[in-house]
Amino acid sequence: MTRVRLSVAERRGELLRAAVEQIEARGVAAVRIADVASALGVSNALVLYHFSTKERLVAAAFRHAAEGDLAQLRKLLGRRTSALRRLRSAVRWYAPTGQAKGWRLWIEGWAAALREPALREVTRDLDRQWKAAITEVIAEGVAAGEFHCPDPHGTALRLTALLDGLAVQLTSYADAVPRARAQEWVDELLVRELGLQPVGSTGS
């Protein structure tokens, strides 16, 4: 069967999607260029032509995996509604109980980034983008008088630290934390950080 000739961008996209699947299945340490090539029925040389090393392929695969989630995050935060509604919507989507990225993939990435500079730079950049987006919507809410927060950046840091930590627990250890309780903790943090009425309380 003759393979369809793809453009450079299409071929890179195909390779990156295959790399993400192989990383999810095998882990960063175990995945090989040959695994990605075999999954698509192409040569190792073709994969290396586009990415030159396994390290660059893995870093590019993680960035590719995050682009869709970052686009969704910006879509949620860009809606024409209150800053608080946008923030809560984004947090519920991103939380390990929500519909965001595959947390197993990212736990793999964080661990591998300790030893791989190219991957570390990618994960650091993606982390900065997420925190910057959350900081911005919190600052908008403060400016609009929706809630009080003297340090939007610090709140964004503490919020993401809780979400990431819960993701590790829920992904790595079965039944470590009930999912409903994890969501309660996230809601409670928002209440404390923004000076809100507790969810379900009178006047909320």
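This section describes the fold, aromatic pairs, helix packing and selected loop residues of a predicted model.

The protein is built from nine helices and zero strands. Read along the sequence, the pattern is α-α-α-α-α-α-α-α-α. The C-alpha trace spans about 65 × 35 × 35 Å along its principal axes. Of the 204 residues, 43% count as buried. Contacts between residues at least 6 apart in sequence were also examined; 60% of these join residues at least 24 apart. The exposed surface comes to about 11300 Å², and carbon and sulfur atoms supply 52% of that area. The protein carries 29 positive and 23 negative charges.

The structure holds two aromatic pairs. In one of them, the ring centres of F62 and W106 are 5.1 Å apart. Their planes meet at 75 degrees, over the 60 degrees required, so the pair is edge-to-face. F62 belongs to helix α4 (residues 54-77) and W106 to helix α6 (residues 103-113). The two residues are 44 residues apart, and the pair thus links distant parts of the chain. Both F62 and W106 are buried. Y94 and W130 also form an aromatic pair, and this one is stacked. Here the distance is 3.8 Å centre to centre, with 15 degrees between the planes. Distant parts of the chain are again linked: Y94 lies in helix α5 (residues 83-94) and W130 in helix α7 (residues 117-143), 36 residues apart. Y94 and W130 are both buried.

Helix α5 has twelve residues. From first C-alpha to last it reaches 16 Å, close to the 16 Å expected at 1.5 Å a residue. Its buried residues include A83, L84, R86 and L87. A90, V91, W93 and Y94 are buried as well. The cover over the buried residues of α5 includes α4, α6, α7, α8 (152-172) and α9 (179-194). An α-helix has 3.6 residues a turn, so residues three or four places apart point the same way. In α5, L87, A90, V91 and Y94 are among the buried residues.

In helix α6, the buried residues are W103, L105, W106, G109, A112 and A113. They pack against α1 (8-26), α4, α5, α7 and α8. W106 is thus both a buried residue of α6 and the partner of F62 in the edge-to-face pair.

Helix α7 has 27 residues, which should span 39 Å at 1.5 Å a residue. Its end C-alpha atoms are 38 Å apart, which agrees. The buried residues of α7 are L119, V122, T123, L126, W130, K131, A133, I134, T135, V137, I138 and G141. Among them are the lysine K131 and the glycine G141. What covers the buried residues of α7 includes α4, α5, α6, α8 and α9. Just after α7, G145 takes a positive phi of about 75 degrees.

Several loop residues were examined in turn. V28 lies in the loop between α1 and α2 (33-40). Its relative accessibility is 2%, under the 20% cut-off, so V28 counts as buried. V28 and A113 are 85 residues apart in sequence, yet 9.8 Å apart in space, C-alpha to C-alpha. Leaving aside residues up to four places away in sequence, V28 touches I23, K54, V58, F62, E108, A112 and E116. One of these contacts, F62, is a member of the edge-to-face pair with W106.

S52 sits in the loop between α3 (44-51) and α4. S52 is not a glycine, although its phi is positive at about 65 degrees. With a relative accessible area of 38%, S52 is partly exposed.

P96 is found in the loop between α5 and α6. Its relative accessible area is 12%, again under 20%, so P96 is buried. P96 and L163 are separated by 67 residues in sequence and by 7.0 Å in space, C-alpha to C-alpha. Not counting residues up to four places away in sequence, P96 touches W103, L163, L166, A167, L170 and R179. W103, one of these contacts, is itself among the buried residues of α6.

Terms used. Residues numbered from 1 in each chain as written. Predicted model: local features only at pLDDT ≥ 70, side-chain atom pairs only at ≥ 80, totals over all residues. Heavy atoms only, no water. Helix = DSSP H or I, 4+ residues; strand = E, 2+ residues; numbered from the N terminus. Buried < 20%, exposed > 50% of the residue type's maximum accessible area, 1.4 Å probe, protein only. Contact = heavy atoms within 4.5 Å. Areas by Shrake-Rupley, 256 points an atom, 1.4 Å probe, with all protein chains shown as cover. Lys, Arg positive; Asp, Glu negative; His and termini not counted. Charge placed at Lys NZ, Arg CZ, Asp CG, Glu CD. Phe/Tyr/Trp six-rings, centres within 6.5 Å; stacked < 30°, edge-to-face > 60°. Expected span 1.5 Å × (residues − 1).
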